[in-house]
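Hello,

Here is the structure we talked about handing over. Please open it and keep it on screen while you read my notes.

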Amino acid sequence: MALDVTWRSPSNIALIKYWGKHGIQLPRNPSLSLTLSECYTQMRLTVEPVREGGKLEVLYDGVPRPAFGSKILSLFKLVSDRYNWLTTSNIVIDSFNTFPHGAGIASSASAMSALALCIEDIDLQLRGSTDSIELNRVSETARLGSGSACRSIFPSMALWGADENINGSSDLYAIPWESQIDPFYKDYCDSILIIHDGEKSVSSTAGHELMNSLPFADIRYDVARKNLHTLIEVLKVKDRVEEFNRLCEYEAMQLHALMMSGESPYILMAPNTISAIQKIWQYRIESGNPVCFTLDAGPNVHVLYPQSHASVIREWLENELTPFCVEGRMIHDRVGAGPLKIN
Ligand code: PMV
């Protein structure tokens, strides 16, 4: 008899960046992210235990996509001790994203977290358990699929990476970071400017790898940790938004500076990334409005601002920044409530 579940899981954007890893997706420094709302993967997992063997079929919106299979099989291998039915079942994975492929929005984060939720849910059913889903386990499985995916399963914000000053923090899984923040940040907005919509020229995997030969890598890990400690304090109150802005931009720029200062340097910003950043800085000075940006490992700009300023800032974005975006595209997202079980 086949079992099936459907979960929706969002992407996330890191404010304090995870850049540099060791072992099996273990971070060199702790990171903290915003969980998005509108940018998510919806995934249906169908599992039919069989006596011998088992095969995997991967679909995207109902259409076969065998190319996505290898990453999924690597994850299955890593977690087969915990979920041994993965290798003895016929499995069908069918998913779609609400955001365009290649938009620079972390589809691996939403897809791997959705997959981890589906796997844990099916596992409970196969064991006949009525327990609720254990999010630590889900986060750990998601991490093995794609590091930053482990942060996608919590509402508002998530923190991943062990830190002696942070209770419960772990390199193995993320922990929720919602009760520690002022409500002001719980509906923060993130408008994503699609500056370029092609594939990245250098993968995150290669980027993490370059950190291993960076002479000042340890200094970066210390800076990230220090920025995290400061941000944690800043997030507790709403009136420190200027410091919030400064830290977000410091982390974004440092991430890209790391890419530009390795032995084989590379640039993921595009000319329009820089033009958009300059516009944001100029607008912030002229209007006094609380707006800042962060960047992922790509050219697209995440413009962050509080809900209280959403209409005025969105109007400005539509008027002034659409010329820097591919076909004028931007996605107005915001902090979200985390994953949702659909079926
Ligand atoms: O999860 P990965 O291996 O794709 O790495 C993600 C790295 C950044 O997105 C640049 C930062 C982060 O913490 O998400």
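Predicted model: local features only at pLDDT ≥ 70, side-chain atom pairs only at ≥ 80, totals over all residues.

**The ligand**

Start with the ligand site. The ligand is surrounded by 13 residues. The closest are Tyr18, Ser148, Arg151, His208 and Asp296. Sorted by class, the shell holds five nonpolar residues, five polar ones and three charged ones.

In Ser148, a side-chain N or O atom lies 2.7 Å from an oxygen atom of the ligand. For Asp296, the distance from a side-chain N or O atom to a ligand oxygen is 2.7 Å. For His208, the corresponding value is 3.0 Å, again to an oxygen atom of the ligand. How much of the ligand does the protein bury? Taken alone, the ligand exposes 380 Å², and the protein buries 91% of that.

**The helix pairs**

Next, find helix H5, residues 217-234, and helix H6, residues 241-260. They pack at an angle of about 160°, and their axes are 10 Å apart. The angle is over 145°, so H5 is roughly antiparallel to H6. Their crossing is left-handed.

Then turn to helix H1, residues 69-79, and helix H2, residues 107-126. Here the packing angle is about 45°, with the axes 12 Å apart. That angle makes H1 oblique to H2. The crossing of H1 and H2 is right-handed.

Best wishes

Terms used: Residues numbered from 1 in each chain as written. Heavy atoms only, no water. Near = heavy atom within 4 Å. Polar contact = N/O pair within 3.5 Å; in protein donor to acceptor, adjacent residues only side chain to side chain. Areas by Shrake-Rupley, 256 points an atom, 1.4 Å probe, with all protein chains shown as cover. Nonpolar A, V, L, I, M, F, W, Y, C, P; charged D, E, K, R; others polar. Axes fitted to C-alpha atoms, helices over the stretch in contact; angles between N-to-C directions. Helix = DSSP H or I, 4+ residues; strand = E, 2+ residues; numbered from the N terminus. Parallel < 35°, antiparallel > 145°, perpendicular 65-115°, else oblique. Left-handed = near helix turned anticlockwise from the far one by under 90°.
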